[in-house]
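Good morning, and thank you for coming. Please look at the structure on the screen as we go through it together.

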Amino acid sequence: MSFLPCVFRFHEGGRSEHILNSLPMNITFNALREIKHQLPTGSIGLISKRLNTTEQAIRNYFGATKYEDGNYVGIHIEPGPEGGIGHLEDTAILELAKKIIAHAAKN
């Protein structure tokens, strides 16, 4: 399995710290895709390296559907408004993506 079994908190300078699993959350599929589209070029690779998983697992987390080698991504989409409701079992990828977007906006 190439998805994270735990959550990490990332700090400026690339230092990371292991924390307990984050709480699951729900997000609309459209909102998740909007976050993905705001990521600067190269962010998928950066997230995958920081979280020790594959780039394809990160893409699948944000809505791609190319599942090779059983890449589990920690999201389940149910039919609903705005593209459906995604249940995120672990928000580490989402939290890191938001930090990258915020950092890019400052520069």
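In which order do the elements of the protein run from the N terminus on? The order is β-β-β-α-α-α-β-β-α, which amounts to four helices and five strands. Helices (H or I, at least four residues) and strands (E, at least two) are DSSP runs, numbered from the N terminus.

Two remarks on the source. This is a predicted model, in which local features need pLDDT of at least 70 and side-chain atom pairs count only at pLDDT 80 or more, while totals for chains, interfaces and linings use all residues. Residues are numbered from 1 along each chain as its sequence is written, and side-chain values use heavy atoms, leaving out hydrogens and water.

Let us turn to the interior. Of the 107 residues, 39% are buried, meaning under 20% relative accessible area with a 1.4 Å probe, protein chains only. The largest nonpolar core has 17 residues; such a core is a set of buried Ala, Val, Leu, Ile, Met, Phe, Trp, Tyr and Cys residues joined through side-chain atoms within 4.5 Å. Helices α1 (29-38), α2 (43-50), α3 (55-61) and α4 (92-106) each supply at least two of its residues, and the largest share, six residues, comes from α4.

Tyr-61 and Phe-62 are among the core residues with the most contacts inside it. Tyr-61 counts as buried because its relative accessibility is 0%, and Phe-62 is buried with a relative accessible area of 0%. The structure holds one aromatic pair. Tyr-61 and Phe-62 form it, edge-to-face, at 5.5 Å centre to centre and 80 degrees between the planes. Rings pair if their centres lie within 6.5 Å, and planes over 60 degrees apart count as edge-to-face.

Terms used:
Buried < 20%, exposed > 50% of the residue type's maximum accessible area, 1.4 Å probe, protein only. Phe/Tyr/Trp six-rings, centres within 6.5 Å; stacked < 30°, edge-to-face > 60°.
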